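Here are my notes on this one, in the order I'd go through them. Have the model open while you read.

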Amino acid sequence: MYHIPNDKRTIRSARHIYAGLQACLKTKSFEEITITDIQKASGVSRSTFYRLFDNLSDVIYWTCDTYLTRSFEAIRDEDQHDELALTRHFVAFWMEQSEFFELMLQVRQPFILYQCLLQASGKMREDEKVPLCASAWRDDTEARYALNLHAGIIFSLLKTWLEGGRKESIDEVMAILEKQLDTFSKKRSSQNTLPDQTPANEKSPS
């Protein structure tokens, strides 16, 4: 876990530590980096590091949560009514932070984004600050599935986009998503409208 109060000096130290991690990753793998390496690269003491973070992974978690806070704060009122608009908002935001997402892939911890998305969405729901489109969720079970599904979609779109060389625009990525969702919807509709294929001799007499 990380332990960072809303204090400018503490946040500045945390940012220096993250910058130190970025510098170290240019010459070492994540597994090879030590706290001493971070101390030398960031200029932040070992005691300060352990006061703020339990381990190096927590530095990535904190940075991810920091970006997520900004992304939630930037949600427009009109996007709150439309789940696809919200998905577009988050995907576009993280496309702009692709260097950080690439770092998570580099250290083999890309699921940190998925976990942070899920935790942040869950906390917003607990605080009753969820987008208006979430009001359609009937109960906790549906909300749990919905939050996992939304986090998974955002994570998968970003990972696929980044691994493919960042070639597609946000419009192209969303068009692909909408096409897939439309395909699923059509399949469901066709299954619900299949004609009754029960053999005539098995049907109950009227």
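1. Along the sequence the protein chain reads α-α-α-α-α-α-α-α-α, which comes to nine helices and zero strands. Helices here are DSSP runs (H or I, at least four residues; strands are E, at least two), numbered from the N terminus. Bear in mind that this is a predicted model: local features need pLDDT of at least 70, side-chain atom pairs count only at pLDDT 80 or more, and totals for chains, interfaces and linings use all residues. Residues are numbered from 1 along each chain as its sequence is written, and side-chain values use heavy atoms, with hydrogens and water left out.

2. Of the 206 residues in the protein chain, 40% count as buried (under 20% relative accessible area, 1.4 Å probe, protein chains only). For contacts (heavy atoms within 4.5 Å) with a separation of 6 or more, 68% are between residues 24 or more positions apart.

3. Take a look at helix 2 (residues 35-42), whose buried residues are Ile35, Asp37, Ile38 and Ser42. Viewed down the axis of helix 2, these buried residues fall within an arc of 155° (directions from the helix axis to the C-beta atoms), so they line one face of the helix. Their cover includes helix 1 (8-24), helix 3 (46-52) and helix 4 (56-73). Just after helix 2, Gly43 has a positive phi of about 80°.

Conventions:
Buried means under 20% relative accessible area, exposed over 50%, partly exposed in between (1.4 Å probe, protein chains only).
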